[in-house]
Amino acid sequence: MDIKGLDRITLDPNIMCGKPTIRNTRVTVGTVVGLLASGCSIEEILDSYPYLERDDIQQSLAFAAWRLSEESDVPLKSA
């Protein structure tokens with residue numbers, strides 16, 4: 001898959017049930033985005049996953065943003 005230059009994000013039905021992963025590893029885009037959202041720094045993620053590179057994290061964010069922009073408008077429930 002090469003969506004708008006996102007050549008590090010891969011989809012393989014045999015890896016992590018087809019979820020978007022980073023370079024066919026078992027690290028999903030969701031894992032990286034979740035770690036960032038929980039307050040982990042890029043450096044902390046790279047220390048925890050030494051086989052990842054800074055560009056992998058950047059492309060994970062770009063992929064997540066792209067996917068969100070492709071979703072149809074779904075209203076959020078109000079509190």
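Gln59 touches Gly5, Leu6, Asp7, Arg8 and Ile9 when residues up to four places away in sequence are not counted, a contact being heavy atoms within 4.5 Å. The place of Gln59 is in helix H3; helices (H or I, at least four residues) and strands (E, at least two) are DSSP runs numbered from the N terminus. Gln59 counts as buried because its relative accessibility is 12%, where buried means under 20% relative accessible area, exposed over 50% and partly exposed in between (1.4 Å probe, protein chains only).

The model is predicted: local features need pLDDT of at least 70, side-chain atom pairs count only at pLDDT 80 or more, and totals for chains, interfaces and linings use all residues. Residues are numbered from 1 along each chain as its sequence is written, and side-chain values use heavy atoms, with hydrogens and water left out.

The protein chain contains three helices and two strands, arranged from the N terminus as β-β-α-α-α. Of its 79 residues, 29% are buried. The chain exposes about 5500 Å², of which carbon and sulfur atoms supply 53%; accessible areas come from the Shrake-Rupley method with a 1.4 Å probe, and for residues only the protein chains shown count as cover.

Beyond its neighbours within four places in sequence, Val29 is in contact with Ile9, Pro20, Thr21, Ser60 and Phe63.
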